[in-house]
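Subject: Structure handover

Hi,

Here is the structure I said I would pass on. Have a look at it first, and then read my notes below.

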Amino acid sequence: LLTLFSMASLLVSVLGERCHTRLFVDGHFTDGECLSLLLSKIIGYAVVAGSMFFKVPQVQKIVSKRSARGVSLLSTVLEAYPALTVFAFSLRRGYPLNTFGDSFFVLLFDLIIIMLIYRYEYPNRVSVSYLITAGPRCGSPAKRTSVCHCS
């Protein structure tokens, strides 16, 4: 549970000492600079929070129908690539999470959808999930065993 002290600490870390004091201690809600900073942070984190859930219905429908018919593998891959690029670039540059966090969740759900497409629409092909889990274990000829199903 968030205490009043930890909530204040969170607000200071998000807004900075000056804007926290101006808005929440002094009560100057008309300070344009601090108010716009607060609103941009709220909107940024709302976008990140929304991105955690907006593909959940699509994943649920694919799993419940046990079919990814109508979901384009190419378009999902083409959506995942820029999400990966934005996420990696922003993380490397040290940008605040509220400016790029949505790209992580878009990438995560796109990878899940790609694995589901392979599972339900291409069951006889090597799936992405196989490549991620068993592929590294079967990479070298010395590691190839009947358990890995590598030939």
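Before the layout, one term: a helix here is a DSSP run of H or I with at least four residues, and the numbering starts from the N terminus. Please keep in mind that this is a predicted model.

With that in hand, the order of elements from the N terminus reads α-α-α-α-α-α-α. In other words, the protein has seven helices and zero strands. Of its 151 residues, 26% are buried. The accessible surface is about 10,400 Å², and carbon and sulfur atoms hold 67% of that. As for contacts between residues at least 6 apart in sequence, 52% of them link residues at least 24 apart.

Now the helix pair I looked at. Helix 3 covers residues 32-51 and helix 6 covers residues 97-121; their axes are 8 Å apart and meet at an angle of about 5 degrees. Since angles under 35 degrees count as roughly parallel, helix 3 is roughly parallel to helix 6. On the helix 3 side, the contact uses Ser-40, Lys-41, Gly-44, Tyr-45, Val-47, Val-48 and Ser-51. Helix 6 answers with Leu-97, Asn-98, Gly-101, Asp-102, Phe-105 and Phe-109. Sorted by class, that makes six nonpolar, five polar and two charged residues.

Next, which residues make up the largest nonpolar core? There are 10 of them: Val-59, Ile-62, Ala-68, Leu-73, Phe-109, Ile-113, Ile-114, Leu-116, Ile-117 and Tyr-120. Helix 4 and helix 6 are the elements that give two or more residues to this core, and helix 6 has the largest share, with six. Ile-113, one of the core residues, touches Lys-55, Gln-58, Val-59, Ile-62, Val-71 and Thr-76, leaving out residues up to four places away in sequence. A separate core of five residues lies apart from this one, and its members include Leu-15, Cys-19, Leu-23 and Cys-34.

Is Lys-55 buried or exposed? Its relative accessible area is 7%, and the cut-off for buried is under 20%, so Lys-55 is buried. Lys-55 sits in the loop between helix 3 and helix 4, the latter being residues 56-65. Beyond residues up to four places away in sequence, Lys-55 touches Glu-79, Phe-109, Asp-110 and Ile-113.

Asp-110, one of those contacts, belongs to helix 6. With a relative accessibility of 0%, Asp-110 counts as buried too. Setting aside residues up to four places away in sequence, Asp-110 touches Lys-55, Thr-76, Glu-79 and Ala-80. Take Ala-80: along the chain, Asp-110 and Ala-80 are 30 residues apart, yet their C-alpha atoms are separated by 5.7 Å.

Last one, from helix 3: Leu-35 has its place there. At 31% relative accessibility, Leu-35 counts as partly exposed. Leaving aside neighbours within four places in sequence, Leu-35 is in contact with Leu-23 and Phe-29. From Leu-35 to Cys-19 it is 16 residues in sequence and 8.2 Å in space, C-alpha to C-alpha. Both Leu-23 and Cys-19 are among the members of that five-residue core.

That's what I have for now.

Cheers

Note on methods:
Residues numbered from 1 in each chain as written. Predicted model: local features only at pLDDT ≥ 70, side-chain atom pairs only at ≥ 80, totals over all residues. Heavy atoms only, no water. Axes fitted to C-alpha atoms, helices over the stretch in contact; angles between N-to-C directions. Parallel < 35°, antiparallel > 145°, perpendicular 65-115°, else oblique. Contact = heavy atoms within 4.5 Å. Nonpolar A, V, L, I, M, F, W, Y, C, P; charged D, E, K, R; others polar. Buried < 20%, exposed > 50% of the residue type's maximum accessible area, 1.4 Å probe, protein only. Core = buried A, V, L, I, M, F, W, Y, C linked by side-chain atoms within 4.5 Å. Areas by Shrake-Rupley, 256 points an atom, 1.4 Å probe, with all protein chains shown as cover.
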